[in-house]
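I set out to look up how one protein model is built, from its overall dimensions down to single residues. My entries follow in the order in which I made them.

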Amino acid sequence: MSAEAPTKEMANLAVSAGGKGTAKRDALLANEAEVQAMWEAQRAFEADAEDGKTGVANPEDKFIVTFPYPYMNGVLHIGHAFSLTKAVFRAQFERNRGKNVLFPFAFHCTGMPIQAAANKLKMETESYGIPPQFPEDDPEVRARMEAEMAAAAAEKAAKAAPDKKAKGGKTKLVQKSGTGIVRQWNILKKMVPEEEIPKFVDPLHWLNYFPPIGVDHMKNFGSGVDWRRSFITTAVNPYYDAFIRWQFNTLRAKGKVLYGKRNNVYSILDGQVCADHDRSEGEGVGPQEYVLIKLRVLQPDHDQARHGKIKALLDQEAANGRGVYLVPATLRPETMYGQTNCFVLPTGEYGAYHVDATDEVFIMSARSARGLACQLHDSGKGQYYTKEFGKITCLETFTGDELLGLPLSAPNATYEKVYTLPLLTISMGKGTGVVTSVPSDAPDDYVALQTLKDKPDFAEKYGITPDMVEPFDVVPIISIEGYGDTSAVYMCEKLKIKSFNDRAKLAQAKDETYLKGFTMGVMAYGPHKGAKVSDAKPRIRDEMIAAGQACLYFEPESRVMSRTNDECVVAATDQWYLAYGEESWRDAVRKHVLNQDTFNAYDPNALGKYDYTIGWLKEWACTRQFGLGTHLPWDQQWVIESLSDSTIYMAYYAIAHVLQGVDNLNGDAGKSPGKIAAEDLTDDVFNYIYCNGPMPEGTNIPADALNKMQSEFRYWYPMDLRVSAKDLIPNHLTMALYNHAAIWDDEPALWPKGYYTNGHVLVDAEKMSKSKGNFLMMDETIRKYSADATRFACADAGDTLDDANFSRDTADVAIVGLANEENWINETLAGVSALRTGDDLNFMDKVLMNETNRLVKATEDSFAAMQFREGLQKGWFEMMIARNEYRSWCSDGGVSMHEAVVRKWIESVIILICPICPHWSEKMWKAVGKEGLAIKAPWPAADEEDKLLTRQAKFLRDTLKNFRAAA
């Protein structure tokens, strides 16, 4: 049966709640409170290694699953809950399978987000008072501010893409915030009492406030966490701080942490590298290398009035001995032999900037000049493009129109002189705003050039004369088998592309020509004729740079905004960095991941993403100069950034209950169960615990405590499963693999055994949005639907890398379904005297027993494969269908149900649904007279399915259905 959607029969299992009352929901909530109190009293989810063990004789005895600790700048929402359930469900499933299961949980506070939010709140209260009286509180002022924002956004959009018609409606900011102005005070007002808000100007208050709330909400969800092992990050927690210092000392000793100037995404406003967790936009975006081609501006030769400013600049700089260049940014330096012209955006804004390193003048966008000023011209000498980092002198400004019709000398081009032409699709938010044109191999360039040739009126509108366009034919430079030596022309003719309105076809043509050109292309022109493009590309790049015809330039692959609302650049800065990508390190990680005996990705698509990231991930700046976190042990001016202090903390869970214990998130030494002082956690101590080092000499920590921590680590590691959303594959998850491979390089058996990743979650098939009213906080959802119904809807939402769908209707159906099944079970067992007994089973009894056996095994297989939606279909919906058919057959045949068969079904369904709805299972387990906890009950025993009986039952079912249809 497909897991994509419930069958009609499954859908019909829902029974009307009979009005808008909440009695059934309230009953579930009341039971959940009782069950959670019982679990806490019995310490049901605390798990320990067996005393005296230094290892595990049978690795199947234990199971540890972890989940990335959430960032604590607010409360958890349904997106957290959905991903979290994958870990929670699997942990409970393994408990029912008899494993000793550990599911620990902690809270992340490292980095810039909390610091930035506290700073913003401080600025608001200092500017507008407490409580603040914001200007937009006045309706007239708010309307004016929103209108100004909308106008500015429309103007920006028009400049970026003048060929697109502006659309009406609100800006994104207005849509998201309602007022169009996002205030930190208002954000906090939705989560905390207003009188509490002023305290949040202190970033440390966030650390004290939100993590305990996170614990409470997780408990309300029935998450099954061993809370003795919980903690927060940063130097506020001295125990975790010591652990991170040891990790980095170890990495440095192994040659994995190095120092030097490296290109990283950087916030000029913040004055430091902007890592993923420091960003409000652009997570996962890294630096992209471009080559700036120097197109020398020649003296204008058409006596156009618009060239007055450029003539003056040329004369001025000639007197200074400087050349003036338009500098397009390209990813394809090997195609420069085919240049026929250069493009600018007529409405674009450009500047002429003095580049100190080359004593030249570059004409480019202000945005790209800002980035260039943060980059190295000569990495060997450590020489930047400008004398002062981040500062560049603008000599003159131009509109794109003032640059049209300029003659240029283009390096490597076959034409002695080319001209600047208009292109209306240039984005000023990417590259330099200048585009060099190679129509032989770039479909966009070919279409633009042909448009100017075919539509003289269009060319004339921009002051482009025929001699600037007509003489310039396509130059064949790269030969591709099946595409000829002008692949762009071939693809445009093949797809019948006539204009820029054929955007989808143009995108297809561009992707295909670029890919085929790089992988299959052979140079057909120039000194590298006959060489593969993939080999010639870096050579041509280096030759042009050496000849002074080009230089390197970097920018983020797409827009990145810091949490201080600064658009980031790529900067070469002195950095401590982790040498990800180093050949031996990379190969060890890849070997582990691609071996199905050592690593389970649960999805071939996810495995492909890991393989790609392992090959792509390179040197990573692991420190910043301010923010919350752990200071670098050997260079205290640096703070370890948030993705770098969260790679092997799963190993800290193994000992956290000895160091910190219950209700001690901040690591108060007075609450330490092991009576251990954080200052006694030296590198030698951690080496003994984690790396088989010798017993540390002169330590104040008792040997019994050291041995307990070592045995706990050796028992629980390796980590059996880590669960996460898919967006952590390109960073955290792959970095965790690298760090495990470095710290335990001599013990690959301790590296992670499996990662499961899921897509993001929609709510009622729409992206979560406050304006749509479907942005659900986790605890609010629990209060509205109950924990079990929320978990039920999460299980039904989906299990793939694609976006899942949390349906509030499904949560409503779950409330009714759980209540109805409780009633049926209680009523059936209350009338047990009316049921048949004995060993004599009729055909219908055998069918239900067989279906129960089949579905127990199918549910087990689904849960083990992390397919919880499929497991829900088998272990709940199909179990209901099987029971309903049996009940109907017995009723229609005037035969009582069989007690043993019914009990088998009831006891099975209670445990089958336990990983998803454990509170309901606990209540029903007790109701059927079972001892102990349902969460500790064994998985139902199941005989082998009688497949002949299954086919016979299907034949009977189909026959009855056809008979009824014909009646």
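I began with a convention: helices (H or I, at least four residues) and strands (E, at least two) are DSSP runs, numbered from the N terminus. The model is predicted, so I noted that local features need pLDDT of at least 70 and side-chain atom pairs count only at pLDDT 80 or more, while totals for chains, interfaces and linings use all residues. Residues are numbered from 1 along each chain as its sequence is written, and side-chain values use heavy atoms, with hydrogens and water left out.

**Entry 1: a loop residue with positive phi**

I looked up Asp663 and found it in the loop between helix H19 (649-659) and helix H20 (683-691). Its phi is positive, about 55 degrees, although Asp663 is not a glycine. For accessibility I used these classes: buried means under 20% relative accessible area, exposed over 50%, and partly exposed in between (1.4 Å probe, protein chains only). Asp663 has 60% relative accessibility and therefore counts as exposed.

I then turned to Asp764, which lies in the loop between strand S29 (761-763) and helix H23 (778-785). Asp764 is also a residue other than glycine with a positive phi, near 55 degrees. Its relative accessibility is 31%, so Asp764 counts as partly exposed.

**Entry 2: the whole protein**

How many helices and strands does the protein have? I recorded 30 helices and 30 strands. The radius of gyration is 33 Å, close to the 30 Å that the globule rule gives for 967 residues, so the protein is as compact as a globular protein of that length. This radius is taken over C-alpha atoms, and the globule rule is 2.2 Å times the number of residues to the power 0.38. Taken along the principal axes, the C-alpha atoms fill a box of roughly 105 × 85 × 65 Å.

Of the 967 residues, 54% are buried. I counted a contact when heavy atoms lie within 4.5 Å. Among contacts between residues at least 6 apart in sequence, 77% join residues at least 24 apart.

**Entry 3: two helix pairs**

Two packed helices are described by the angle between their axes and the distance between the axes. The axes are lines fitted to C-alpha atoms, for helices over the stretch in contact, and angles run from 0 to 180 degrees between N-to-C directions. Angles under 35 degrees count as roughly parallel, over 145 as roughly antiparallel, 65 to 115 as roughly perpendicular and the rest as oblique.

I first examined helix H25 (residues 808-830) and helix H29 (residues 918-927), whose axes come within 11 Å and cross at roughly 5 degrees. H25 and H29 are therefore roughly parallel to each other. On the H25 side, Leu818, Glu821, Glu822, Ile825 and Asn826 take part; they meet Trp920, Lys923, Met924 and Ala927 in H29. By class, this contact has five nonpolar, one polar and three charged residues. Here Ala, Val, Leu, Ile, Met, Phe, Trp, Tyr, Cys and Pro count as nonpolar, Asp, Glu, Lys and Arg as charged, and the others, Gly among them, as polar.

The second pair was helix H26 (residues 843-864) with helix H28 (residues 899-912): the axes come within 10 Å and cross at roughly 15 degrees. H26 and H28 are therefore roughly parallel to each other. The residues in contact include Leu848, Met849 and Phe863 of H26 and Val901, Trp905 and Leu912 of H28. By class, the contact of H26 with H28 has eight nonpolar, four polar and two charged residues.

**Entry 4: cis peptide bonds**

I found that the peptide bond from Ile130 to Pro131 is cis, with omega near -10 degrees. Pro131 lies in the loop between helix H4 (112-128) and helix H5 (139-160). The bond from Tyr717 to Pro718 is cis as well, with omega near 10 degrees. Pro718 is placed in the loop between helix H21 (703-716) and strand S27 (721-725).

**Entry 5: single residues and their neighbours**

Not counting residues up to four places away in sequence, Asn96 touches residues including Ile911, Cys914 and Trp939.

Ser409 lies in strand S16 (residues 407-409) and is partly exposed, with a relative accessible area of 30%. The C-alpha atoms of Ser409 and Val297 are separated by 6.6 Å, although these residues are 112 apart along the chain.
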